[in-house]
Amino acid sequence: MAERKTLSGRRGLYGPQDEASGPGLWAWQRAWPRRLFEKVNVVCVGSSTTHGMGASAPEYSWVGRLGYMLRGVDGSGVLLNTAAGGIHYRADHGGWTNTGTLADTAADLGGNSKDMTAGATMTRSCVCDGFEVILQQGAGIGQCSLQLDSDPAKVITITPSTLGSARADGEFSSWVTYPLARGVHTVKMTAIGRTVLNGVYATDGDQLTGLRVYNAGKSGSVSGDYTTTGALWAQNAARMGQLQPRLIVLMVGSNDYSTGVAPATYEANVRAAVRLMRLSNNAPVSVLLVHSYRRLDIASPTYAWSLYGEALQRIALDTVDVDFLDVSAHWPVSRAADWEGLFYDDVHCSDRGHALMAHLISEYLKRGATLRSAPPSQASAPSPDPATLSGLVSAWRASDLNALADAALVASWPAYAGSDQKTLAQADANRQPTFRKTPTDFARNPYVDFDGNASTLGDLMTCSFTSRVNPPATVVIVARLRGHWGSMFSGYQGAGGVYLTLSSSSEMQMVMGGGSLSTPYAATVQTGRSRWAVYVCRWDGANSAFFQSHYPKTALPGLDTSHANAGLPGVTLAGNSAGSGSWNRQDVSDLLVFNRALSDAECENVLAWYGRKYGFDGVGRSSV
């Protein structure tokens, strides 16, 4: 390993302003000890070796073995008397017995699931004490059934949510209904309607506590697949939003090497991948970048394998809570020199090679946290308060609702600042959102919960302004997206069709538009989901841009803001400007509307100010 450096500079949780704090994997080191009394999830992302190619069974892949090697020891290497822990069986792993019509589909972890037509079945057996089913939800998804141990009395019908577009967040736990004694058990999945199954997690004493390792490997994947132009990042990140891992192990690069991707391009792709995968995590997440062995089937590579490792090391040196492990020296340089049988073929590990890979990674992860493994607590408070900026039309904050009881319905939400302070309102009690006073799930702030789950009418609040707000304009919203099938905000429902909006596009993305959701009046931006963040939308012709916590500015020079219906005659939260649909599942703590374009510096300050107020920036996590 090369010598590490601690770089100086402004710090935050993640993002372009962050600089390295040295090795230690801060979030992982704090989460790992908690496996003894709560669930701690790890997701492994990579290509065919990560998927398990070359291993005789999923249990013998390096991903399958990693959990076993991490669960039974404490930080000092002392053996603990704990259960072995379960394993994630992907639907595209070997060992399933299938009947009926099934097809591979690019969905969920690893970008691959089984699309099952009605009547199709998938069956497998393993040592466990229960199963958790990992499947898609959304429009076009039907019921399925789970049968345990071929027992007709142990059949459970699973009814996924059909709201919104297909999304990777369905999970069902059989052990809640049928606790099983540890032993060999069989699970049979039968599609009643269309079912998209990513697989099952077979529990082994880790239903409620323990360390779980999930497999997001995809055969043939390259670094570019995990960027915004690739097919894998959104599928992986969507499921990560549900799993909320505290560690991501990323081992990709072998196929970049074999296809001659330039190391500089590879480095840019991996940097983008790290940022994108973090967009779905509400809790801090560490990332371990693994430089694997050199594949042996490339006689004349375009670039040396070591250059890809050097690229990963640079990323780890200047990105917070990212570390680098080079395992390449542990593998032979040819099949003739492979005396121990680490290779299955010229590309993939054998069972022995997978075991070595799991050992090397687990030993690295079991190191003690180092001195500067977390951002320091000493940092000046950002200023000014965004509500004091010029051009503010109206601003709302959930803390002004503290007179309400926790879980009370919100009929009105008055503004507290601005030149045209209005009250967001909802008279229909069936559509009123819920006030959450007691912080939960890493939320340190009170918020208004728009559930968006009603079959016909979702939660929604709206108000009209005295004068329509036209571009240039800026909208700031502090929120957590819990589902992408509607509008975070839009125009006043009494003036349908006139709006500035941030509305649903596809998994992990939304459309920022004015008067239209089509180009050139709208543009797609990456938003992530399941995490608290500050989002800033600026409509200002060629100077338009989208800002969000822990992610670089997205410039939108091609966004046309001159549409006749681009404007805010008022504002609606969690629905469209007509109040007739586009319900969005979201939690909102703050909303601000400005009748001017905030500068880049002001937008960055807005991110920093709310990040510090609500703890999004991670400052103060360490006493160092």
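Mentor: Tryptophan 539 belongs to strand 28, which covers residues 532-539. The model is a predicted one. With a relative accessible area of 1%, tryptophan 539 falls under the 20% cut-off and therefore counts as buried. Its side chain comes to 3.5 Å from the backbone oxygen of glycine 513. Alanine 473 is 66 residues away along the chain, yet its C-alpha atom and that of tryptophan 539 are 5.4 Å apart.

For the chain as a whole, 59% of the 624 residues are buried. Among contacts between residues at least 6 apart in sequence, 75% join residues at least 24 apart. The secondary structure consists of 10 helices and 32 strands.

Glutamine 426 sits between strand 19 (423-425) and strand 20 (434-436). Its relative accessible area is 10%, so glutamine 426 is also classed as buried, the cut-off being 20%. A polar atom of its side chain lies 3.1 Å from the backbone nitrogen of aspartate 428. Leaving aside residues up to four places away in sequence, glutamine 426 touches Arg431 and Gln432, as well as Ala411, Leu460 and Met461.

Among the helices, one pair can be described in detail. Helix 3 (residues 62-71) packs on helix 9 (residues 351-365) with the axes 8 Å apart and at an angle of about 45 degrees. Because of that angle, helix 3 is oblique to helix 9. The crossing of helix 3 past helix 9 is right-handed. From helix 3, the residues that meet helix 9 are Trp62, Arg65, Leu66, Met69 and Leu70. On the side of helix 9 the partners include Asp351, His354, Ala358, Ile361 and Leu365. In an α-helix there are 3.6 residues a turn, so residues three or four places apart point the same way. Helix 3 is mostly covered, with 7 of its 10 residues buried. These buried residues are Trp62, Val63, Gly64, Leu66, Gly67, Leu70 and Arg71.

Last, the confidence of the prediction. The chain has an average pLDDT of 87, and 88% of its residues score at least 70. Over residues 1-23 the pLDDT is below 50, although this stretch has 71 contacts in the model beyond near neighbours in sequence.

Definitions and conventions: Residues are numbered from 1 along each chain as its sequence is written. This is a predicted model: local features need pLDDT of at least 70, side-chain atom pairs count only at pLDDT 80 or more; totals for chains, interfaces and linings use all residues. Side-chain values use heavy atoms; hydrogens and water are left out. pLDDT is the predictor's confidence in each residue, from 0 to 100. Contact means heavy atoms within 4.5 Å. Helices (H or I, at least four residues) and strands (E, at least two) are DSSP runs, numbered from the N terminus. Buried means under 20% relative accessible area, exposed over 50%, partly exposed in between (1.4 Å probe, protein chains only). A polar contact is a pair of N or O atoms within 3.5 Å; within protein, one must be able to donate a hydrogen and the other to accept it, and residues adjacent in sequence count only if both atoms are side-chain atoms. Axes are lines fitted to C-alpha atoms, for helices over the stretch in contact, and angles run from 0 to 180 degrees between N-to-C directions. Angles under 35 degrees count as roughly parallel, over 145 as roughly antiparallel, 65 to 115 as roughly perpendicular and the rest as oblique. A crossing is left-handed if the near helix is turned anticlockwise from the far one by less than a right angle, and right-handed if clockwise.
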